[in-house]
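Please report on the contact between the two chains and on the surroundings of the ligand.

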Amino acid sequence: MTGSGGVRKMRSAPLTVITPVPKAKSFPARLFLAYMRRFSILQEVRDLKFIHFARWQRITRSSLPTFKDQPAEEDGDDLFVFSTNFNGPWNQYIDTFSRVDQIRKGIKWLWWFSDRFPGPVPIRNFKSYINYHTYDEQLYYDAYPDATVRDIAAALSVAEGLRQFIESRPAAAPSEQQFADRYLAFLQGMANTAVPEGSDDQSFLTAMCPIEPAASGAVTRRIRRYLEGRSSEPDIFADCPMVHMARLVVVDDLRPALGNSTAESLSSRYLLFIVELDGNIDDFLDRLYDVAPDFVHAVWGDCVGFPTDRKGPVFFRRYIESCSFKPNLPFAAFPKVSVSTITSALELRDDLMNKVEEWCGPPSRDAWSDFEASLCNQYAGGGARGY
Amino acid sequence: MAEYSLADLNPAGMKQNLTFLALNNVLPRVLGILTKVAPVWNVPGTNITLVTGFDEVQEVFSRQLDFEVPYEEHVEVLEWDNFVLAMQDTNRYHHVHRNIMALWKSDDVQQIADIARETATEILAGENGTIDLIQELVKPVLLAIVEQYYGVPVPAEKRQPFFDGNLAGSGFVFSGPKISEKKAEAARAAVAAVWPVIDAAMNDARGRHAGAAAEPGARGDTVLDRYYQAEIEVPTDPTDPDGPQSRVPLAEHFTEAEMRSSMMAMIGGYLPTDTNAAGRIMQTLLTDSEAMSYLRRAVSDGDDDALLQGIHEALRLNYIIPLLWRRSAGNQRLGEGRLPGNQYEIGGNRILAISLQAAMFDRRRVSDPKTFDANRPSGDSMIYGHRFHYCVGSLISDTILTELFRVVLKCDARQPPDESLRDIRWVGMYPWNMWIDYQRSAARDLA
Ligand code: HEM
């Protein structure tokens with residue numbers, strides 16, 4: 001997909017950071033996240049306009065799922081998971097974290113609880129800390145990979161401006177000149193149209209499923225190979241129209257902070273499953289099972305605790321539920337705006353911009369009416385009135 | 001001998017009222033409470049386990065080898081070999097299922113829709129603006145499909161007993177695995193009004209069968225014609241499935257006995273459910289203005305998807321089958337995939353009474369379950385069952401109900417102004433007489 005003007009955009013990339021949190025700081029970390037969720041709307045992050053979704057999650061070892069035949073987790077550092085995605089170079093992204101004043105303060109507090117966190121400055125140390133604790137995603141899906149947050153904001157404004165333009169059509173047919181004036185005013189005003197607030201609920205799934213005891217590795221290797229073999233065709237999630245973003249990350253162990261030689265390893269290897277989606281999680285899991293039962297069984301079927309030889313979405317739902325964590329601090333650039341609203345706004349904006357370029361000035365009323373009818377048919381299921 | 005009549009066997013009165021109250025009011029309430037407090041409940045002192053939780057119901061239906069269908073005695077009483085719903089997960093089941101799907105094929109929906117629409121408009125145009133929805137509209141529309149699409153003519157004098165016999169036969173299967181001699185006797189009498197009609201149609205079709213292929217989609221292309229005319233390819237040497245193939249008549253591969261049973265399954269699984277569903281959907285529309293205006297809007301917008309979603313939602317709210325049945329094959333544990341502690345033990349050979357109705361009202365899964373919301377996720381609804389034994393007639397049913405309600409709502413169906421016509425008369429669990437008013441002129445325009 002290309003944006004307006006045909007410029008190829010930087011595809012979005014994921015970032016998953018898991019840091020160890022010493023026991024003594026674990027509960028304060030949880031309290032801090034709860035505080036942030038309650039009292040901050042993460043306005044600074046929102047103002048940056050480059051993060052679609054982000055999530056900070058503290059996971060205690062004792063809350064990691066323990067099924068029969070699985071070694072219990074020993075006492076040790078808890079986990080602090082940060083997941084996000086960005087369009088553009090990684091360096092620039094991390095730089096922003098430590099260069100923007102407000103963000104820097106936030107970051108300082110968010111990771112303050114993590115073991116041996118060097119702070120956001122000096123930036124070199126911060127980068128190597130993040131780099132060291134970054135885990136590779138074996139599979140990543142983004143429903144609108146080429147669109148930056150700014151693109152989406154612009155597209156939603158355009159869609160809203162267009163809606164208002166169509167709806168405010170005068171009762172009496174305007175002359176060609178009057179129409180041309182309205183059209184120009186519409187184009188000029190479009191940039192200032194506020195991004196409408198959506199009304200669709202979003203959910204944030206974080207699940208850590210035990211793959212196998214840490215002493216073994218065969219299942220983990222198989223899952224990793226299987227997922228990496230599919231990473232170039234994450235079409236499965238595209239068949240789940242409610243998914244904004246999804247990622248699967250194999251966590252072999254919790255990497256101890258550099259210099260900590262006494263850290264306790266995890267007793268099992270885990271598969272981290274993070275999804276940002278519209279509606280509720282059960283519907284998504286049903287849908288995923290429906291479109292790709294083989295994928296579900298290949299990925300989770302051999303994990304510890306997954307009911308052996310059982311087929312059906314109910315087992316998958318339950319299993320994921322047993323391994324899930326309530327979101328601590330989720331962030332969405334466009335909370336309550338659904339995938340379909342975003343993707344159709346992006347397409348609509350491209351269609352409109354292409355037409356505007358093609359017309360190179362106000363179109364005739366008839367040309368506009370035809371275009372309006374085609375837009376309404378495509379994006380609104382009909383309803384154009386024309387001129 | 002008097003013709004079989006379900007209404008005569010279940011006369012209105014105290015007994016009928018009590019049965020209706022128990023099944024339609026008391027049972028759903030009790031099951032609703034159980035869903036909350038004990039989604040799997042081994043009823044003390046009995047061999048019965050009630051399953052009412054959404055997840056738990058799905059689990060039972062997903063584990064067909066552990067939870068078998070318990071209808072062996074029913075099929076014996078009804079002389080009904082090879083009834084798909086009574087078969088376990090065996091090769092034989094898949095053979096019958098595959099052939100049913102091939103004979104009642106999904107491409108036929110247009111033919112079914114045409115019959116349903118034409119019959120419904122013709123009836124409404126011919127009546128005077130007030131009609132008994134069940135007896136005067138739904139029944140003839142459903143029977144028209146049995147005749148014109150299935151290829152089973154039902155002689156005029158046999159229509160009522162044939163229809164009633166099907167309803168009673170289905171009621172017998174779904175009434176549970178405990179069969180008294182009295183119940184068996186009544187069921188035999190019921191299907192005695194059905195088998196001869198099916199047998200006569202099969203004899204007739206066999207006789208007519210001249211080898212010429214029917215034109216696909218043509219009215220003469222009935223399921224029975226197709227059965228007798230079709231040929232399939234099978235390995236010439238059965239021990240070498242990959243070797244040379246030869247063409248043989250379908251009837252050699254899918255026997256007449258199997259076809260006869262399947263015909264009964266597809267009629268007995270159809271007339272009672274669609275009659276019941278049409279009545280209950282209409283009942284919902286007449287009592288829930290939100291539902292009615294949603295469906296009316298869908299019809300006036302020509303939005304068939306919305307119309308069907310609305311129909312499904314109305315049926316979820318007022319569901320037709322109180323309980324479905326399974327039997328545990330050996331000791332079982334329900335709740336697999338959950339952490340230990342959230343599981344239920346079920347002893348061997350217990351009868352599971354499963355309530356889809358209660359499950360579809362389970363708040364753990366379905367939000368605001370008692371409110372009409374046609375846009376709720378489709379996964380919240382299990383009206384046609386779940387996984388193994390999932391309804392093979394869902395497409396047929398969707399097609400007929402969509403056509404029927406499109407026509408009825410285009411004709412502005414509403415409650416009759418005459419208060420005395422507003423009460424629905426029930427026979428057992430079936431809505432039997434249900435009067436509606438409509439605009440005859442609209443029906444004439446449609447016709
Ligand atoms: C609104 C109408 C209908 C509803 C609500 C309905 C519901 C159901 C349900 C819940 C089941 C699963 C039973 C179980 O698992 O124990 C089922 C199975 C079945 N239905 Fe339907 N049904 C409807 C219409 C039809 C129609 C129109 C036909 C035939 C044309 C049909 C034929 C069957 C058959 C043969 C089975 C057994 C399938 C198997 O064993 O694999 N049903 N139906």
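## Chain contact and ligand site

In this predicted model, a salt bridge joins the side chains of A:Arg310 and B:Glu336, at 2.6 Å from N to O; the term stands for a side-chain nitrogen of Lys or Arg within 4 Å of a carboxyl oxygen of Asp or Glu. Between chain B and chain A the count is seven salt bridges. By class, the side of chain B that touches chain A has ten charged, six polar and three nonpolar residues.

The contact (heavy atoms within 4.5 Å) takes 18 residues from chain A and 19 residues from chain B. About 1,500 Å² is buried between the chains, and carbon and sulfur atoms give 45% of that area. Buried area is the accessible area (1.4 Å probe) that two parts lose on being put together, summed over both.

| Residue atom | Ligand atom | Distance |
|---|---|---|
| B:Gly269, backbone N or O | nitrogen | 3.1 Å |
| B:Arg326, side-chain N or O | oxygen | 2.8 Å |
| B:His389, polar side-chain atom | oxygen | 2.5 Å |

Residues are numbered from 1 along each chain as its sequence is written, with chains lettered from A and ligands numbered from 1 in the order in which they are written. Local features need pLDDT of at least 70, side-chain atom pairs count only at pLDDT 80 or more, and totals for chains, interfaces and linings use all residues, while side-chain values use heavy atoms, leaving out hydrogens and water.

Conventions: Nonpolar A, V, L, I, M, F, W, Y, C, P; charged D, E, K, R; others polar. Polar contact = N/O pair within 3.5 Å; in protein donor to acceptor, adjacent residues only side chain to side chain.
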